[in-house]
Amino acid sequence: MNDPKIIIALDYPAAAPALALAERLQPELCRLKVGKELFTATGPALLEQLMRRGFEIFLDLKFHDIPNTTAQACKAAAGLGVWMVNVHALGGRKMLEAAHEAIAQSTQRPRLIAVTMLTSMAQEDLADIGINATPAEMVLRLARLAQDSGLDGVVCSAHEAALLREQCGDGFCLVTPGIRPAQASLDDQSRVMTPLAALQAGSSYLVIGRPITRAADPLQALLDINQEIGEPI
Ligand code: C5P
């Protein structure tokens, strides 16, 4: 089955530029990530338009609430027909289990993954909220909690992928942003990895935004990355 590894981040404020980009891409070659900005601006109508064009969607809303509310939000996402949805592992075991259970019976069950620690949180930010572990310790702890709770995987930095692959096994889905082809601008990312290195480190899927969305020819940029990682093109 066709299982493209690249998930393109549609970080746009409105439907028009997102649809314009989708027009220039092909659903056999990538999936699309819709996050809080775009979804808040456009709602589910945009998802329907993208799915009608054949694209599978990662709905990146990072739900984090009491177990019942999170579970119902995940169920609503499953009802929209998205391919992947996510929650915050910091919501705890009961919330993660409720989210997992809520979508277990869906006819088209989305993959359910968890955000462990936001990569914007450094050691001093954890201390500020009363967490004395290091970010690396928290990532591993929360990934294990997500796996124990029945989730399919986590969002993580490619720099954490090797350790999580070793600790969580082959079936665990690792979705990694912070990916930059060798010659690309870093934009505001600091700890980046190339697409091929990230896959070799154990990533399952690569979230890539600006290196593709801001390229003069987005389809060519995607084709170049797919070629680098040995995807059928
Ligand atoms: O344009 P760029 O490739 O940097 O986009 C990366 C995408 O991944 C953005 O949508 C960003 O919000 C998301 N992301 C990230 N780092 C995280 C979690 C999500 O860059 N730790």
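Guide: The model is predicted: local features need pLDDT of at least 70, side-chain atom pairs need 80 or more, and totals for chains, interfaces and linings use all residues. Numbering starts from 1 along each chain as its sequence is written, and side-chain values use heavy atoms, without hydrogens or water.

Now the names. Around the ligand stand Ala9, Asp11, Lys33, Thr119, Pro177, Arg180, Gln189, Val207, Ile208, Gly209, Arg210 and Pro211. A residue is near a molecule if one of its heavy atoms lies within 4 Å of it.

Next, the polar contacts (pairs of N or O atoms within 3.5 Å). Aspartate 11 places a polar side-chain atom 2.7 Å from a ligand oxygen. Glycine 209 uses a backbone N or O atom, 2.7 Å from an oxygen of the ligand. Arginine 210 also brings a backbone N or O atom to 2.7 Å from a ligand oxygen. Alone, the ligand exposes 470 Å², and the protein buries 80% of that. These areas come from the Shrake-Rupley method with a 1.4 Å probe.

Which elements give two or more residues to this shell? They are strand E8 (205–208) and helix H10 (210–213). Both kinds are DSSP runs, numbered from the N terminus: helices (H or I) have at least four residues, strands (E) at least two.

Conventions: Polar contact = N/O pair within 3.5 Å; in protein donor to acceptor, adjacent residues only side chain to side chain.
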